[in-house]
Amino acid sequence: MAKLLLRSLLLGSLFYVLSSCSTDEAAKPTYLQIDALHLETDYAEEGTAHSNISTVWLSANGEIIGAFELPALIPVVLKEGQNELRINAGINTNGISSFRAINTSFDPILYTLDYQSTGEVPDTIIIPESELITHYRDFYQVSIVEDFDDPGLNFQRTNFSDTNFIKVDDADSIFRFQPFTSNQMEPNSNSGLIVLDDQNPQVELSSVVSYEIPAGTQNIFLEVTYRTNAQVGFGLLANLPTGDRSDITAGVLPKEEWSKIYINLVTEFQAFPGADGYQILIRAKKPDNVDQARIYLDNLKLVYIP
């Protein structure tokens, strides 16, 4: 009787495995091609639409598919008929490719895909870039720290700084960008430049405005557009009752072309609780291998839930 029961269990297990394999083999994947995601902004209120979305995070019909570097060709098992896709924009946090994360300040893109199989060969479906537009979420605060276009300057020298920003407006220096959703360039008229040499070898600047960030805030993104031949660090200066404290969160390496970084300041924010406010901090030093360091910055934004 025991041998009969064991034989029945083994046969039943074998039947289950074979059935599962048959079902898995029948589920033919479809390939979704996603080339790029784009940001659209209200320029007057939110500043530039320039972004650096490096990764797409995809869910299909409520199931998480995964994260994929852009441009991406993603295998997905779709059902016949309507499929609901949820597409999130991913970034390299602090400019580090191994720290990929969803940018929580961007709206997820919801896309309905009506799928009908065309036969035995796996289908490839290209999702048009015109359907892959994201925006800042309504409940996030987008504070333009400095875009260098308005009168005055929202950065000041600390006691450890030899210099400050100068505004530049020549064609070779300013940042120019045409959003995907527009047929015109953004109205950017100036960029900021820091020059370091042997007479002025270091810079440390803090924002004039001190930002009130609620306790418990999880993500605090500092967005920076930059072009530089020297390393530049970015962080926070906390205005504590016992005195100011500061620390650098992350930095950028030399880059010949304009680029974009998203720095999450949450670690430094949590390290300095109870501050009356937080100022943005910029720090750099002239490298020994250059006669003159030229640091171009633009479109600094602070993005967080107020």
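This is a predicted model: local features need pLDDT of at least 70, side-chain atom pairs count only at pLDDT 80 or more; totals for chains, interfaces and linings use all residues.

1. Main core. The largest nonpolar core holds 39 residues. Phe234, Ile280, Ile282, Leu297 and Leu302 have the most contacts inside this core. Strands that give two or more residues to it include E14 (191-196), E16 (221-228), E19 (255-264) and E21 (293-304). The largest share, six residues, comes from E21.

2. Leu297. Leaving aside residues up to four places away in sequence, Leu297 touches Phe148, Phe165, Ser191, Gly192, Val224, Thr225, Tyr226, Phe234, Trp258 and Ile282.

3. Second core. A separate core of 31 residues includes Ile74, Tyr136, Tyr140 and Tyr262.

4. Three-stranded sheet. This open sheet has the order E5-E1-E9 and mixed pairing. Strands E5 (72-76) and E9 (124-126) each have a single partner strand, so one side of each lacks a neighbour in the sheet. From one strand to the next the twist averages 25 degrees.

5. Tyr31 takes part on both sides: its bridge partner in E9 is Thr124, and it stands opposite Pro75 in E5.

6. Faces of E5. Which residues of E5 are on the covered face, and which on the uncovered one? Ala72, Ile74 and Val76 make up the covered face, while Leu73 and Pro75 make up the uncovered face. Ile74 belongs to the second core.

7. Five-stranded sheet. Here the order is E12-E15-E20-E17-E18, and the sheet is open with antiparallel pairing. Strand E12 (155-157) and E18 are the edge strands, each pairing on one side only. The average twist from one strand to the next is 30 degrees. E17 and E18 are joined by nine bridges, and Ala238 stands opposite Arg245 in E18.

8. Salt bridges. The whole structure contains five salt bridges. In one of them Arg137 pairs with Asp107, with the closest N and O atoms 3.8 Å apart. Arg137 is in the loop between E10 (133-134) and E11 (141-146), and Asp107 in the loop between E7 (100-102) and E8 (109-115), 30 residues apart. Arg137 is partly exposed at 22% relative accessible area, and Asp107 is partly exposed at 30%.

9. Asp198 and Lys286. These side chains form a salt bridge with closest N and O atoms 3.6 Å apart. Asp198 is in the loop between E14 and E15 and Lys286 in the loop between E20 and E21, so the pair ties together parts 88 residues apart in sequence. Asp198 is exposed, at 58% relative accessibility, whereas Lys286 is buried, with a relative accessible area of 12%.

10. Arg283 and Glu204. This salt bridge has an N to O distance of 2.7 Å. Because Arg283 lies in strand E20 and Glu204 in strand E15, the pair ties together parts that are 79 residues apart in sequence. Both strands belong to the five-stranded sheet. Arg283 is partly exposed at 33% relative accessible area, while Glu204 is buried at 9% relative accessibility.

Methods: Residues are numbered from 1 along each chain as its sequence is written. Side-chain values use heavy atoms; hydrogens and water are left out. A nonpolar core is a set of buried Ala, Val, Leu, Ile, Met, Phe, Trp, Tyr and Cys residues joined through side-chain atoms within 4.5 Å. Buried means under 20% relative accessible area, exposed over 50%, partly exposed in between (1.4 Å probe, protein chains only). Helices (H or I, at least four residues) and strands (E, at least two) are DSSP runs, numbered from the N terminus. Contact means heavy atoms within 4.5 Å. Two strands pair if DSSP finds at least two bridges between them. Axes are lines fitted to C-alpha atoms, for helices over the stretch in contact, and angles run from 0 to 180 degrees between N-to-C directions. A salt bridge is a side-chain nitrogen of Lys or Arg within 4 Å of a carboxyl oxygen of Asp or Glu.
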